[in-house]
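Hi,

Here's the structure I said I'd pass on.

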Amino acid sequence: MKNEVFDILRKKRLSMPFFKKVIFFTAVLMLLTACSNSQPVPVEKQGFYMGTFISEKVYGENAEKAAGEVMDKMKQIESSMTINAPGGEVNNLNMQSGNQKVNLSEETLYVLGKAKHFSTLSEGAFNVTVGPLVKAWGIFTQNPRVPEKGEISRLLSLVDDKDLTINEQEHWAKLSKKGQVVDLGGIAKGYAGDAAINIYKKYNIKSAYINLGGNVVVLGSKPDGTPWKVGIQNPRAQNGVYMAVLSVKDKAVVSSGDYERYFEKDGIRYHHIIDPKTGYPADSDLIGTTIVADLSIDADALSTATFVLGLEKGMRLAQSIEGVEAVFITKDKKVYATKGLEENLKMDDESKEFEYVKKR
Ligand code: AMP
Ligand code: MG
């Protein structure tokens with residue numbers, strides 16, 4: 001638009017008298033101002049679901065309707081997948097552990113199926129039956145605690161996703177041992193991000209952004225055609241302080257880290273990602289992972305899994321999956337990224353503490 005206006009200007013300038021020029025330039029100036037003010041305005045909505053702050057920015061004709069429907073969907077996913085309130089599907093599954101099959105919706109079965117898939121791929125680093133341990137540590141409660149060793153080893157015997165049977169044809173699932181608990185905290189927000197994108201698409205939206213407590217999913221590019229910029233949290237700074245920026249279109253960018261939820265006791269940080277092999281918070285060489293993928297459910301499972309696995313194994317896992325890219329931040333504040341992100345990742349680290357080690 002602006003370029004077209006300048007073209008007319010160039011042609012006319014040759015033949016006009018002075019006063020006409022003044023009027024003409026004023027008109028053009030007004031037109032340019034109008035053009036620059038006519039940036040599309042997004043519909044923005046916020047909500048608090050799945051224990052996290054959710055915000056969306058949606059552009060286009062049906063943005064209001066789409067954004068509203070997305071918030072309704074977030075609420076519905078929360079009520080069916082939470083384990084912190086009675087009545088939901090996953091809660092029912094847990095209540096019936098060691099007892100009977102529970103009928104589940106297609107979407108809950110889909111999320112459980114994905115969870116099992118990524119458990120296999122990560123050799124058990126991602127494991128949704130980690131619930132009894134998550135509860136014992138109480139990281140999400142007012143009174144988090146360090147469980148006794150004996151308690152941890154007893155609870156570890158309940159952590160095995162081979163005990164989770166899923167039957168998609170007959171729409172049910174079952175946990176075989178009493179006391180087993182499925183916890184979708186590491187994957188449900190990822191699913192919710194994909195569900196949001198599907199709603200935007202249904203309304204023919206071409207440009208949208210949703211942030212579910214650090215899980216960012218973008219549809220298309222920004223309205224001006226440039227990529228969305230997604231910040232990567234500095235794991236050792238206040239929430240919202242970034243140390244790098246990713247430029248992406250049509251992607252999910254999901255992070256996990258020891259900074260998201262934790263408590264400290266005797267100078268030790270106990271965070272919310274449990275290593276299903278030890279029963280203790282994962283203690284690899286990583287403090288933060290970010291996965292970029294087409295589906296946010298995949299990115300969510302993989303960010304948690306790679307955090308448990310550590311740099312070497314996490315890098316190998318990310319590289320082994322088509323369309324998946326990753327950024328890993330180590331305890332010694334080095335930043336590693338998969339080759340596919342070379343163009344998209346820019347360090348923007350005010351603290352100057354992090355060193356970007358080019359692709360390995
Ligand atoms: P995220 O923030 O996506 O990395 O997920 C962490 C959440 O997933 C925790 O708050 C737990 O609810 C759950 N979780 C913890 N450890 C694991 C694990 N090893 N595999 C799957 N889910 C886990
Ligand atoms: Mg996750």
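Below is what turned up around the two ligands.

First, the housekeeping. It's a predicted model, so local features need pLDDT of at least 70 and side-chain atom pairs pLDDT 80 or more, while totals for chains, interfaces and linings use all residues. Residues count from 1 along each chain as its sequence is written, chains are lettered from A and ligands numbered from 1 in written order, and side-chain values use heavy atoms, without hydrogens or water.

Ligand 1 has 17 residues around it (a heavy atom within 4 Å), with Asn127, Asp183, Ser256, Ile274 and Thr304 coming nearest. That shell splits into 8 nonpolar, 6 polar and 3 charged residues (Gly counted as polar). Both domain 1 (4–79 + 187–356) and domain 2 (82–183) supply at least three residues to the shell; the bounds are from an automatic or database assignment.

As for polar contacts (N or O pairs within 3.5 Å), a ligand 1 nitrogen sits 3.0 Å from a polar backbone atom of Ala125. A polar side-chain atom of Thr304 is 2.7 Å from a ligand 1 oxygen.

Then the magnesium ion (ligand 2): its protein donors are Gly186 (O), Asp300 (O), Asp300 (OD) and Thr304 (OG1), at 2.0 to 2.5 Å. Donors here are N, O and S atoms within 2.8 Å of the metal (3.2 Å for Na, K and Ca), and with water left out the site may look incomplete.

Cheers

Terms used: Polar contact = N/O pair within 3.5 Å; in protein donor to acceptor, adjacent residues only side chain to side chain.
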